[in-house]
Amino acid sequence: MDRTPRRPARRVLAVVLAVTAALGAAAPGASAADRAAGTGPGAARVPLRVATYNIHAGAGEDNVFDLDRTAAAIRALGADVIGLQEVDVHWGARSGFADEARELAMRLRMRVFFAPIYDLPPATADGERRQYGVAVLSRYPVRDAQNHEITRLSTQTPDPVPAPAPGFAEVTVRVRGAAVHVYTTHLDYRTDPSVRRAQVDDMLAVLAEDAGPKVLLGDFNAEPGAPELARLWGPLADAAPDGGRTYPAAGPVRRIDLVTVSPEVSVTGARVWATTASDHRPVVADLLLRRPGR
């Protein structure tokens with residue numbers, strides 16, 4: 001399809017859902033990245049462990065919904081900031097109409113920002129609005145959060161055409177004096193790459209508005225060498241260019257779940273985590289952020 005969709009507005013409502021009640025939880029202990037690096041508050045470089053994970057709405061490779069299993073898989077990553085895709089919030093029977101974003105944040109004692117792609121009326125008169133999208137979990141304070149629009153081809157309307165829609169999450173996280181922009185995305189799954197190509201352009205336009213270190217996490221539904229992802233490389237780098245495949249989880253044949261970073265961010269290690277708590281495997285990366293003035 002050789003159609004150039006209308007460029008979407010780069011920013012929508014300032015904060016769709018602020019950090020949940022998990023903010024009131026006691027502060028967690030030292031992060032895994034801190035412990036591994038053995039660095040103190042005065043270090044010139046600040047360690048940060050990030051991860052990306054498509055949680056399949058809380059269902060494993062066996063298609064059994066089990067949010068406790070999902071939480072355990074996330075906890076095992078030891079990550080400070082995690083980008084999640086396929087997150088249900090009161091969406092439907094497949095996930096027990098659970099608010100997965102809030103429940104995972106509470107189980108893991110983390111802060112959360114949820115950015116819906118779809119926001120539909122309740123299934124029943126006394127029900128909650130049905131939402132589906134992406135989320136960011138963070139051990140560190142979230143200073144700002146936004147749900148950006150990018151081009152999408154809706155799965156909820158008949159005969160859809162590419163159009164701006166929300167669901168590209170951005171949070172600004174403060175890590176011991178170092179601020180980093182973390183984005184989470186879920187790109188189009190269809191064989192035709194044209195929508196993904198437009199989505200890449202839209203994401204890069206959002207990233208260009210922000211200064212400083214950037215980390216883009218997500219399910220790209222394309223491997224790093226796909227032509228439609230080519231414009232990402234330069235503004236960003238693949239954190240795990242020699243990493244393993246991520247999909248499907250039980251016997252992965254494609255590497256479509258990626259951690260990408262801007263030039264201001266150093267990567268000290270990355271790996272794919274073997275688990276079948278979803279139909280995707282998560283990717284974990286250990287990063288170093290430069291402290292301001294260093």
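**Cavity, pocket and strands**

Me: How many cavities of 30 Å³ or more does the structure hold?
Reply: One. Keep in mind that this is a predicted model.

Me: How much space lies in the largest cavity?
Reply: About 30 Å³.

Me: Which residues line the largest cavity?
Reply: Asp238, Ala239, Ala240, Gly244, Arg255, Asp257, Leu258, Val259, Val272 and Val283.

Me: Which element gives the most to that lining?
Reply: Strand β10, with three residues. β10 covers residues 257–261.

Me: And the lining by class?
Reply: Six residues are nonpolar, one is polar and three are charged.

Me: Now the largest pocket. How much space is in there?
Reply: About 560 Å³. The pocket is lined by 28 residues, and those closest to its centre are Glu86, Tyr132, Thr155, His186 and Tyr189.

Me: What about classes for the pocket lining?
Reply: Eleven nonpolar, nine polar and eight charged.

Me: Back to Glu86. Where is it found?
Reply: In strand β2, residues 81–89.

Me: Is Glu86 buried or exposed?
Reply: Buried. Its relative accessible area is 17%, and the cut-off for buried is under 20%.

Me: Which other residue has a positive phi without being glycine?
Reply: Phe97 is one, with phi near 55 degrees. Phe97 sits in the loop between β2 and α3.

Me: How accessible is Phe97?
Reply: Its relative accessibility is 39%, so Phe97 counts as partly exposed.

Me: Switching to peptide bonds. Where is there a cis one?
Reply: Between Tyr247 and Pro248, with omega at about -10 degrees. Pro248 lies in the loop between β9 and β10.

Me: OK, on to β8. Why call it largely enclosed?
Reply: Six of the six residues of β8, 214–219, are buried, so the rest of the structure largely encloses this strand.

Me: Which way do the side chains go?
Reply: Lys214, Leu216 and Gly218 point one way from β8. Val215, Leu217 and Asp219 point the other way. All of these are buried, Lys214 and Asp219 included.

Me: What does β8 pair with, in the parallel sense?
Reply: Strand β7, residues 178–186, over six bridges. Within that pairing, Val182 has Val215 of β8 as its bridge partner.

Me: Zooming out. How many helices and strands are there?
Reply: Four helices and twelve strands.

Me: How much of the protein counts as buried?
Reply: 54% of its 294 residues.

Me: Last one. What share of the contacts joins residues at least 24 apart?
Reply: 71%, taken among contacts between residues at least 6 apart in sequence.

Technical notes
Residues are numbered from 1 along each chain as its sequence is written. This is a predicted model: local features need pLDDT of at least 70, side-chain atom pairs count only at pLDDT 80 or more; totals for chains, interfaces and linings use all residues. Side-chain values use heavy atoms; hydrogens and water are left out. Buried means under 20% relative accessible area, exposed over 50%, partly exposed in between (1.4 Å probe, protein chains only). Helices (H or I, at least four residues) and strands (E, at least two) are DSSP runs, numbered from the N terminus. Two strands pair if DSSP finds at least two bridges between them. On a 1 Å grid over the protein atoms alone, a cavity is a set of points where a 1.4 Å probe fits but cannot get out, and a pocket is an open set with protein on both sides within 12 Å along at least five of seven lines; lining residues have an atom within 4 Å of a point. Grid points are joined across faces, edges and corners, and a volume is the space filled by probe spheres set on the points. Ala, Val, Leu, Ile, Met, Phe, Trp, Tyr, Cys and Pro count as nonpolar, Asp, Glu, Lys and Arg as charged, and the others, Gly among them, as polar. Contact means heavy atoms within 4.5 Å.
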